[in-house]
Amino acid sequence: MSTGPAPDAAPAVGPRRGRHTARWTAVASLVVMAALIALLATRPPAAATEVYTPLLGQQAPPVTATTLSGGRFHLAAYRGRWVVLNFFASWCPPCQDEEPDLVTFAYQHRAPGDAALIGVVYDDTTAAARAFERSSGATWPTVIDPGGQIALRYGVRGPPETFLISPSGTVVAHLDSAVTAADLDQQIAAARAAGL
Amino acid sequence: MNATLGHTGVLLGLVASIVGAAVIATGLVRKRPATVRAGQVYAALILLGAVVATVAMQRALITHDFSIAFVAENNSRSTPLLYTITGMWSALSGSILLWGLVLSGYITAMVWRFRRQAGDPLVGWATLVTYAVSAFFFALMAGPADPFQTVSGHVPANGLGPNVLLQDNPLVAFHPPLLYLGLVGFTVPFAFAIASLVTGRIGEGWQVATRRWTLLAWGFLTVGVLLGAWWSYQVLGWGGFWGWDPVENASVLPWLCATAYLHSVMVQERRGLLRVWNLSLVISTFSLTILGTFLTRSGVITSVHAFSDSDIGGLLLGFFGVVVVTGVGLIAWRGDRLRSPGGIDSPLSREGAFLLNNLLFVLLAVIVLLGTVFPLLYEALEHQQVTVGAPYFDALTLPIGLTLLVLMAIGPALPWRKATTGTLADRLLVPAGVGVLVAVVSVIAGVRGLGAVLAFCLGGFAAASNVRQLVLAARGAHRHGIGAWRGLVGRANGGMVVHIGVVVIAVALAAATSLGHRGEVTLRPGTTTMIEGQQITFQKLTTVSSPVRTATEALVLVNGHGPYRPAVSQYGANTEPVGTPAIDSNVWHDVYLTVDSLPASSGGPVGIGVTVQPLVSWLWVGGGILVLGSLLAAVPGRRRRPTDPVSAPLPALADGNGRGRRRHDRVGPAVGPAVGPPPEPPPVPVAVDGAPEGSADERVPAGSS
Amino acid sequence: MSPRGGRKAGSGPVWVVLAVVLALALALAASRWSGTPTVAQRAAALDAVLKCPSCDGISVADSSASTAAAVRQVVLIRVREGQSDQQIEQYLVGRYGPSILLRPPTTGITAVVWVVPLVAAAGGLGGLALFFWRRRRPPTTVVTPEDRALVDQAMAENGPVAAPVAAGPGP
């Protein structure tokens, strides 16, 4: 264009009245954006292990169901022991990962008898679940959940999810990824220390 | 070999971007146009680098070269060829490669388009900005998101194959590339906006020059989003054509700002107003594309669309910060001095309508951004999760959508500068009549719900108003002897067609969401029942298996034709079984079939979900009209420069091939008498009542705006 | 369409007629719509605002996941029992947490997400009104002697230019 005087040296018409609308709007936007960036920068990627559930501290919802082997199961019968309630499915890779650890945990606590492991089939066929348990050498009771009602009662969103229930029947912990035997023991120890 | 080739391409792109930027920067600082012009050639080198890297990746995919980690994770020997090729953008680092390829293409096109003004500092700054953006993305590919990283350890015999939901539908070959062509395309207008602010040369029609680029990018983005909606509709798991999923929202945020810009830039062309506002819109559009890239790739948001989280989240967020600080900072520094001195004569004018349009679109963007980001804010404060889902967005966007329908009806009938209610009443009488007629007909036809009837009524109003504009333009063109078809092309007329497409989509949305009904039936094999007005026959169950999918399908006849195959499918061995629907689609409604429950024993009853949604196919038809309209809008007008006043005469019809005006938006060093700001049009015949009915439209039939 | 200038005396009454007809039609549509909802309608309405627990952001109505089917079943049972919408929502929130609701509650800190758009809309409209009110007066740019001197200097440097430079809207 023309090589005349630089535009910002030309008499400006806007700010003659002293208003700097653009500047203040821009500064305000920058502040909001800075807050947004700070928020986004400090968010961890969405994958946590121990997560909040509204059931924490509440009485564990009752479970009355049929086991894979055809027997009846009542959760109430397990009062007095720590109960690890594990929702799983045969098609779920983290469930497959945690299975050996669950076997270890069950074996370690069989003798003292202080903690029991219960499995709940989540959105899977009975045949597949049975095959899964058999192939991993699982010996603990596993119940089927027709219609997903037990999962609903516990607010399960997807396998694997594990609930720790105290001897008095209170839900004390909720883990929503693959667990290890050490994780479970840690949770029990922490809950004991807290007097639950 | 592929890895080496790929790394070479990426490094070439990176080095060319950095060196090109340095060369141009030197030329600008030292005020040497020759040096600035020399920076052009690096665009070709960046493109070369991107092409080499892409060729290397495609070669690796097609030859199943599992020594490259990306190929091992996203391809397998049994993957069909189409999904092998599209595997390039099915995962994170490959998608960055696609981004780089599209970006380098746009940069080359931009440098080519402005090659005659390459020594101009404004073009130089714009090229510098694009090189900087390109350097960032190639740096991502060179480091954290390396697509050509080799497998550590021994090379696997077979790969994992792409994500199962990305192997099922050929739309995967169209939706992501079109989306990227849209999102990446906003880089060029952004570069020119920054250049305008830096050089202070805000009002010479540079915005006009880049308006076409914005329209092109906007068009691609629109098509990309529509195809994504269509794909979502066909594949369950993403629940319908629009779910207000965070990643969907991230792609529509730039679209909202770009739409606002496409309207308000017309005010700038005609009246020279809103210059700084338009720059802000362009900067916002580009910033939102970077924010969207961050949200999709950082793992901050869980979504079926999201790529796996990785380290590049932090880098993308940092880049977003740089972009925002640069753009907003420049406006803070320079904006007030560059504001235009003119004013708007009356709120009841086309300028006023465009301003209201901008307000509504920006408000929509605020709502969508807030709703998307709020769950993160809540989780940071309360350490619990909250969901902001479809009911929230629907509730807030409905009134805005209805208001926009009204604006679409009134806006085209409003003259520039000032209108009286009398003029408006005369022009809108027939369209209003059409709208009321539609309302009455729909109530008589049994449509329930205030929102639906209102949407139909306002849709009819808007459609009739836009059709009226087209008819007037065609008649005017015919009267001027240049062919009635001229009344259908050009920016304004194409815009009318786009509006009609939007109206069709709005009507379809209203019908599908508020008039749909759902039922469930349980049927034994070979039985028939009537539900929701449809006759459903369940024939039998079959099991199908293919390398990627094992499914139990229910063969269902709808009103005697079919069979449709809703199924419960499992993709791969280790995934949750998902329902895959079948759709019986015709002009009036879609019957959406799902398998809700499988029988416990064979021969037992199957639960089938039947959803009847009216007018869903109108969504896709409306989308097609929209795209047609944007193509029509891109046809250059034969009349004049957009900066000429409304009353400027048409070029003489005998000036040759009539295409001479194609260069009407060329800007840069004037080669003749100064192309200064046009004198104000004489106010007498046109001011008070707005343009005389029909005459202004007729005088500039092609592309009148 | 109509000759410009003269106000058509005829179009006014037509608008009134149109407005009345429209009002009637809308009233009819609204009245037909509100009646006591059936069990199925109530369940469907609830299904639309409850999130499928194992999906990302889809409602229970739109999903065919097993968790969604389970929630739909519970909703249907409780609607049949006569529980209120609030009670059913509270029960599910008690299982899954507040994120089961697709519509963020209007009380508490989530009210922000409802209030901010309203404030933004009001602010935007107010700003627009202010903009029009301010700009309504014709631009009172007074040409000062400094302006004239600048123009004279520029013209002396560059020679005569066809168009005016200082005032008036530029492109």
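Among the elements of chain C, helix α1 (residues 11-33) has the lowest mean pLDDT, 85, whereas helix α4 (residues 85-96) has the highest, 92; pLDDT is the predictor's confidence in each residue, from 0 to 100, and helices (H or I, at least four residues) and strands (E, at least two) are DSSP runs, numbered from the N terminus. The structure is a predicted model, in which local features need pLDDT of at least 70 and side-chain atom pairs count only at pLDDT 80 or more, while totals for chains, interfaces and linings use all residues. Residues are numbered from 1 along each chain as its sequence is written, and chains are lettered from A and ligands numbered from 1 in the order in which they are written.

Chain C as a whole has a mean pLDDT of 81, with 80% of its residues reaching 70 or more. Two stretches of chain C have pLDDT under 50: residues 1-7, for which the model has 12 contacts beyond four places in sequence, and residues 165-171, with 25 contacts beyond near neighbours in sequence; two residues are in contact if their C-beta atoms, placed from the backbone, lie within 7 Å. For chain A the mean pLDDT is 83, and 86% of the residues reach 70 or more. Among the elements of chain A, helix α1(A) has the lowest mean pLDDT (85) and strand β5 (residues 142-143) the highest (94), while over residues 1-17 of chain A the pLDDT stays under 50, with 30 contacts beyond four places in sequence in the model. Chain B averages a pLDDT of 84, and 87% of its residues score at least 70; over residues 652-705 of chain B, however, the pLDDT stays under 50, and the model has 109 contacts beyond four places in sequence for this stretch. The model scores ipTM 0.78 and pTM 0.84.

Domain bounds come from an automatic or database domain assignment. Chain C is divided into domain 1 (14-103) and domain 2 (111-158), and the centres of these domains, taken over C-alpha atoms, are separated by 47 Å. For chain B the assignment gives domain 1 (1-168), domain 2 (186-412), domain 3 (420-515 + 620-645) and domain 4 (517-614), with the C-alpha centres of domain 1 and domain 3 of chain B lying 42 Å apart.

Two packed helices are described by the angle between their axes and the distance between the axes. Within chain B, the axes of helix α17 (residues 450-479) and helix α18 (residues 491-514) come within 9 Å and cross at roughly 165°, where axes are lines fitted to C-alpha atoms, for helices over the stretch in contact, and angles run from 0 to 180 degrees between N-to-C directions. This angle makes α17(B) roughly antiparallel to α18(B), because angles under 35 degrees count as roughly parallel, over 145 as roughly antiparallel, 65 to 115 as roughly perpendicular and the rest as oblique. The residues in this contact include B:Gly451, B:Ala455 and B:Phe456 of α17(B) and B:Met496, B:His499 and B:Ile500 of α18(B). By class, the contact of α17(B) with α18(B) has 15 nonpolar, 7 polar and no charged residues; Ala, Val, Leu, Ile, Met, Phe, Trp, Tyr, Cys and Pro count as nonpolar, Asp, Glu, Lys and Arg as charged, and the others, Gly among them, as polar.

Most residues other than glycine have a negative phi, and most peptide bonds are trans. The peptide bond from A:Pro159 to A:Pro160 is cis, with omega near -5°, and A:Pro160 lies in the loop between α4 (149-153) and β6 (161-165) of chain A. In chain B, phi of B:Lys31 is near 55°, a positive value in a residue other than glycine, and B:Lys31 is placed in the loop between α1 (2-29) and α2 (33-38).
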